[in-house]
Amino acid sequence: MLVRAAISCCIDPSRRSWRRGAFVSNALFLVHAFGDNSDSFAEFKHWARILGVDASDGVVVPAGERGGVTLWLGWCSAPVANDQEIRDAV
């Protein structure tokens, strides 16, 4: 799943935009994880290492250029909000 999502980050933006004929030069693959995701984060770190990147929680890092698009990787952890926090936010 990670590979497919990252590839689409590079392939889709590299296509000509329907607005102004512009090309996108950067793509961000960001995982926003809620709750305990230590196993998933370990898999993400392993995948990032395959791309030559040392990933850390809360940090966005460049993962090189692919298809003319600079790919950035990031992982952001957040605790799951409780009912009161959700009510206070609305």
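Predicted model: local features only at pLDDT ≥ 70, side-chain atom pairs only at ≥ 80, totals over all residues.
How exposed is K45, in terms of relative accessibility? At 21% relative accessibility K45 counts as partly exposed, where buried means under 20% relative accessible area, exposed over 50% and partly exposed in between, with a 1.4 Å probe and protein chains only.

Residues are numbered from 1 along each chain as its sequence is written, and side-chain values use heavy atoms, with hydrogens and water left out.

The side chain of K45 meets that of D54 in a salt bridge, at 3.7 Å from N to O; the term requires a side-chain nitrogen of Lys or Arg within 4 Å of a carboxyl oxygen of Asp or Glu. The count by this rule is one salt bridge, and its partner D54 is exposed, with a relative accessible area of 58%.

Let me turn to helix 2, residues 38–50, whose 13 residues reach 19 Å from first C-alpha to last, close to the 18 Å expected at 1.5 Å a residue, that expectation being 1.5 Å times one less than the number of residues. Helices here are DSSP runs of H or I with at least four residues, numbered from the N terminus. Within helix 2, F41, F44, W47 and A48 are buried, and they lie on the same side of the helix because they cover an arc of only 120 degrees around the axis, taken from the directions from the helix axis to the C-beta atoms. The face turned away from that buried side carries the exposed residues D39, E43 and I50, and after helix 2 comes G52, with a positive phi near 85 degrees.

Notes:
Helix = DSSP H or I, 4+ residues; strand = E, 2+ residues; numbered from the N terminus.
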